[in-house]
Amino acid sequence: MWQAPKCDGGTPIFSYHIERKDKIGLRWVKCNKRKVKDLQFRATGLLVGHEYKFRISAENAAGLSAPSVSSPFYKATDELFKPGPPCNPRVLDTTKSSITVAWNRPTYDGGSEVTGYLVETCVPSLKAEEEEWTIVSPKEGLRATSFTILNLKENQEYKINISAINSEGIGYPGYVPDNAKAEDRLIPPEMDLDAELRKMISLRACCSLRLFVPIRGRPTPQARWTKDNGEPVERATIDSTSSYTLLVIENVNRFDSGKYNLTIENSSGSKTATVQVKVLDTPSAPQNLKISSVTNEAVILTWDPPVNNGGVNVKNYIVEKRESTRKAYATVNANCHQTTFKVDQLLEGCNYYFRVLAENEYGIGLPIETGESVKVSQKPQPPGTITLKDVTKNSVTLSWEKPEHDGGSRVGCYIVEVLHKGAEKWAQAVIVKETEATITGLNAGEEYMFRVAARNEKGTSDPRQIGVPVIVKDLVVAPVAKMLFNTFSVLAGEDLTVDVPYVARPKAAVSWVKDGQPLKRTTRVNFSSTETLLNLSIKEATKDDVGHYTITLSNTAGETTAIVGIVVLDKPGQPGGPVKVEEVTSDSVTISWNPPEYEGGCTIKNYIVEKRDTSTTEWMVVSANLARTKIKAGRLKHGSEYQFRIAAENRYGKGPVLLSECIVAQYPYKLPGPPGTPSIAVCTKDSMVVAWNEPVNDGGSAILGYHLERKERNSILWVKLNKSLITDQTFKSKPLQEGCSYYFRVLAENAHGVGLPTATVDPLKVSEVPQTPKSLMVTDQTKTSISLAWEKPEYDGGSRVLQYLLEVQLKGQEKWNNVNTFKTMEATVSNLNPGEEYLFRVTAINDKGKSEPKVLAGPVMAKDLVFEPDVRPQFSCYSVHVGKDMDINIPIFGRPKPAVTWTKDGAPLKFTTRVNINNTPTHTTLSIKEAATDDGGMYGVTVINPAGQRDTTVEIIVLDKPGAPSGPVRFDEITTQSITISWDPPKHNGGCQVSNYIVQKRDTTTTTWENVNINCARTSIKVPRLKTGAEYQFRIIAQNRYGKSCGLDSSSPSYNSGPITASDNTEAPKFSIDPAFSKTIIINAGETFTLDADVRGKPLPTIKWFKNEKPFENTLRQEIRNTETHAMIVIKDSIRIDSGVYTLQLTNEAGTETVPFKVIVLDKCTLAWRAPM
């Protein structure tokens, strides 16, 4: 707060400025941001505990007054008080020896932070002044807002108050309502079951199950966990405290699913809650796997679903089988959806185990397996046909065949039953294990029926009954030999015994015959007989024992014969001879022979053929594994004599050999004669078909084929064309080189060899008739003649086109008339009738013949033509080095021939010894010899005929060093140490741009020129480092790529003035820029461009850049690079928005100058439009 100034300065005060200064600071800080019109102000933002002084300044329309005298220092702090009572003091819990109280922070802290709390107690009394309060909390105070008072007397009531403490001391106490009594509290048990536990808990197998339940109650309740119907949770780890109980089961599985019951109980009561847990696992094993049916190839299984499905429905069952001899199960069906399945395609008689597994979305569960193996079988089929083997007066002997199918289990026995004629019940006669039985104890002359049943472990088959009743009596049976085999074999040198069972009643007489001769007993061969068996015995068998043995049996009932073949297994005999010679050549012999008469009792495996040159005694193997009785022995020496021997070989060894007669290896015939002279049947550009006739003499042997060879005209090497024999009398030779000439020769071959060749007499050229000429056109015509031109054929047939035949046809006629033959591809047909129409055609001719003719597109009338003139220079600008010659050849067109005139720079061209014009009907040529600088310029060409006029221009540039720069030399900014000079570019730049200027200076007291700058790019330069008062002369030389010009000298010497100061001499800003910047600058997007200028002025001007009248600023792409005498901006990677007008502004005391630069950046165009309605 302050008072207004005594004097307001003649105008009302409209604001005050308040400033403060910290005692520890050095500067004054303004306090108000807005205008303060009142005489008081609240200073904010002060630091608590710091001391500040303040001062005030008044402000009117004339300005700000001097500040007032500063105030004394004031400390930034509030007034402090003791805190108020704590809020809501209350009793949380009591026991028989303690009371727990709690409270909230006081509503008012007295302006200072509460640092602690005091708790006091006293025993209630009738008189308040007699009550004695005792501090039960720590003397320094409590930081917490709760406290348990200990060591109290049981059942004693207490008054309790709590006080807050701050920096000013202990505040007012807060009293706990009512008196608190030290006694135990009884609280019924409670639990806080989480919302998640109230739902079904689902978790995957192998996870951990954690059931955490907070509990409370007094006294502390006991927690007990059970499962389902009160079962204890054996796998669980249970942790219980006074405030919670926790059940943990690690690696849960399907059996951990179910209801988990939690019961908490204390003396005040009990409470129970249930948590439903579902473990998502594979299912348990199915139940009650049974085999409901067994056949000889299938088993039907049934089962019940698993008790625990793993938390989700069972998708399917997997049925597996295992043979009892194996350890691994094989899957029968992996997608069974029923609780029954038929397992078929089982091996009959095998024992199998079966098992079934349930599968859900979490995998395959546990299996249930059959306890014992199951044999796949059934009761057998009935036995086969029953045969009556023997009958006597009191017995019958029967035999039968085994059942076709034993049901998959071996038949253990057969039950034979008998039925007496007239009886109704079958009686069991005998049980046997073989397929034959003798039933005794029968009554002679009686009639009986018999039947047989097979029995295995699965049961007894249906019985098979004999076809007719049997009368029990003695029988008369004709002899019958019951031979199992009729051929017997024995190794040579081994013994052989042959037994032949037979039946005959009464006993039969026996006789033995071998190969039609009665068999004689020897020391090696013996034979005998009994009532039922014949016996032949041979010791140390030899090949003489081989043969057919005939046994004759006879009795009163008849006679029978049996033949036994004896084979002695031994090495084969000698092959059958003699050796036959079937074919003889110069290097081979073909022989054959017959198989041996005695093969050794088995098939001949192979023959071994050997040869011997009669001049030696050594035998060489021709073939050691020959399967046939014929062989071609090759690789013989021509004219040599050979002998062969052959031996047969079977599995028992090699037999004796068969020798042949001596044979000489040579042909019985000669080489063939030469074939007929070859000729060309067909010729193309890369192939020839060669043909010939067969030879007159085939040498006595049929011609097997031919060989064809060729060579080039200038070669001596014949090349064989065929890889295999040519059986025809033609052959296509390719690829051939077009236009080359070749010789061909043919050779015949018979069995003896290759004969003499026959060759072509003359070389044969690879060519054909040419293709049709191309592009027949009319090039000129008059009333009596027509000129034609054409192009050569695209393919000349492989032979050069010799000439062209031109033919003409008058319109309306069919006959073509020959005009002439031409070796060039143009012709003029004269002596035509004016006004007549003619058609033309041209044919190409080479050494193979004529091509197809090329016909003109349409008839042409013989008449004079009139065309407007035209002149078509190839280029609009030509250049030539000075002193060099040049010819400019320009095509002209027009009918009749146009007149040609030339001009130079608008004036008629003057012809000299160096400059000349040459005109033809089709061209005009300008010739310049030893070109000079004056020959450069614009040349005009005019062509005129009755049909019109046509003009064109061409520019000729003479490339030379430039002319001297244009004067006079101008002097600016002369100081004691420098001078600025300028000049104009040369009038003639030498045909190309001036690359730089060379500036030289000379002190007039010397004759030596010194270079100031040899690479000056502009037409002005500031020459520094001059001597004060010295006199100088300057020279400027222009330079381009072809050399340096003559020098431009300053007309008179220049003197440096005395010392110059800025106040005495000023000069308005000036600039110097490249002439190209005076036009619109076009830049392609992505390029970097620079805008710059030389600047001068006294004093040096201030440089500023603008773009589109806005200040130009530096960015990542844009940079200002100014110096005192040079202004420059650089823009990198230009884009479309860089287009615009850039302005350079120069300012000093003498004035302002601006320079505009117009820039256009060419970028891609982006189009956008709206979709149609």
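Reply: Cys 662 is partly exposed, at a relative accessible area of 44%. Cys 87 is also partly exposed, at 26%. For these labels, buried means under 20% relative accessible area, exposed over 50%, and partly exposed in between, with a 1.4 Å probe and protein chains only. This is a predicted model: local features need pLDDT of at least 70, side-chain atom pairs count only at pLDDT 80 or more, and totals for chains, interfaces and linings use all residues. Residues are numbered from 1 along each chain as its sequence is written, and side-chain values use heavy atoms, with hydrogens and water left out.

Back to the cysteines. The count of disulfides is zero, a disulfide being a pair of cysteine sulfur atoms within 2.5 Å.

Now the sheet. Strands (E, at least two residues) and helices (H or I, at least four) are DSSP runs, numbered from the N terminus. Two strands pair if DSSP finds at least two bridges between them. Strands of a sheet pair through backbone hydrogen bonds, either parallel or antiparallel.

Strand β43 covers residues 509-514. Follow β43 towards β47 (residues 547-555): the two pair in the antiparallel sense over six bridges. Ala 509 has Ser 554 in β47 as its bridge partner. Now follow β43 towards β44. Here two bridges join the strands, again antiparallel. Val 513 has Pro 518 of β44 as its bridge partner. Lys 514 stands opposite Gln 517 in β44. The β43 and β44 strands form a hairpin with two residues between them. In that turn, Asp 515 has a positive phi of about 50 degrees.

Strand β17 (residues 222-227) pairs with β21 (residues 258-266) in the antiparallel sense over six bridges. There, Trp 225 has Leu 262 of β21 as its bridge partner. β17 is also joined to β18 (residues 231-232) by two bridges, and these strands run antiparallel. Thr 226 has Pro 232 in β18 as its bridge partner. The hairpin of β17 and β18 has three residues between the strands. Asp 228 takes a positive phi there, near 55 degrees.

Next, charge. The structure holds 31 salt bridges, each a side-chain nitrogen of Lys or Arg within 4 Å of a carboxyl oxygen of Asp or Glu. One of them joins Glu 447 and Lys 421, at 3.7 Å from N to O. Glu 447 lies in β36 (residues 447-456) and Lys 421 in the loop between β33 (413-420) and β34 (427-432), so the pair ties together parts that are 26 residues apart in sequence. Glu 447 is partly exposed at 22% relative accessibility. Lys 421 is exposed at 57%.

Another salt bridge pairs Arg 950 with Asp 870, whose closest N and O atoms are 3.2 Å apart. Arg 950 is in β82 (residues 948-959) and Asp 870 in β74 (residues 867-871), so this pair ties together parts that are 80 residues apart in sequence. Arg 950 is partly exposed at 34%. Asp 870 is buried at 14%. Salt bridges with shared partners join Asp 870, Arg 872 and Arg 950 into one network. Lys 904 and Asp 905 also meet in a salt bridge, at 3.1 Å from N to O. Asp 905 is partly exposed at 48%.

Then a nonpolar surface patch. Ile 716, Leu 717 and Val 719 make it, with an area of about 350 Å². Val 719 sits in strand β60 (residues 719-720). Its relative accessible area is 41%, which counts as partly exposed. Patch residues have over 30% relative accessible area and no salt bridge; like charges are joined within 9 Å, and nonpolar side chains (Val, Leu, Ile, Met, Phe, Trp, Tyr) within 5 Å. Areas come from the Shrake-Rupley method with a 1.4 Å probe, and for residues only the protein chains shown count as cover.

Last, the record. An unreviewed UniProt entry carries the annotation "domain: Fibronectin type-III" for several spans, including 85-185 and 769-865. UniProt positions are in the numbering used here, feature names are shortened, and annotations may be inferred rather than shown by experiment. Residues 85-185 are 0% helix and 46% strand, with end C-alpha atoms 28 Å apart. Residues 769-865 are 0% helix and 49% strand, with end C-alpha atoms 38 Å apart.
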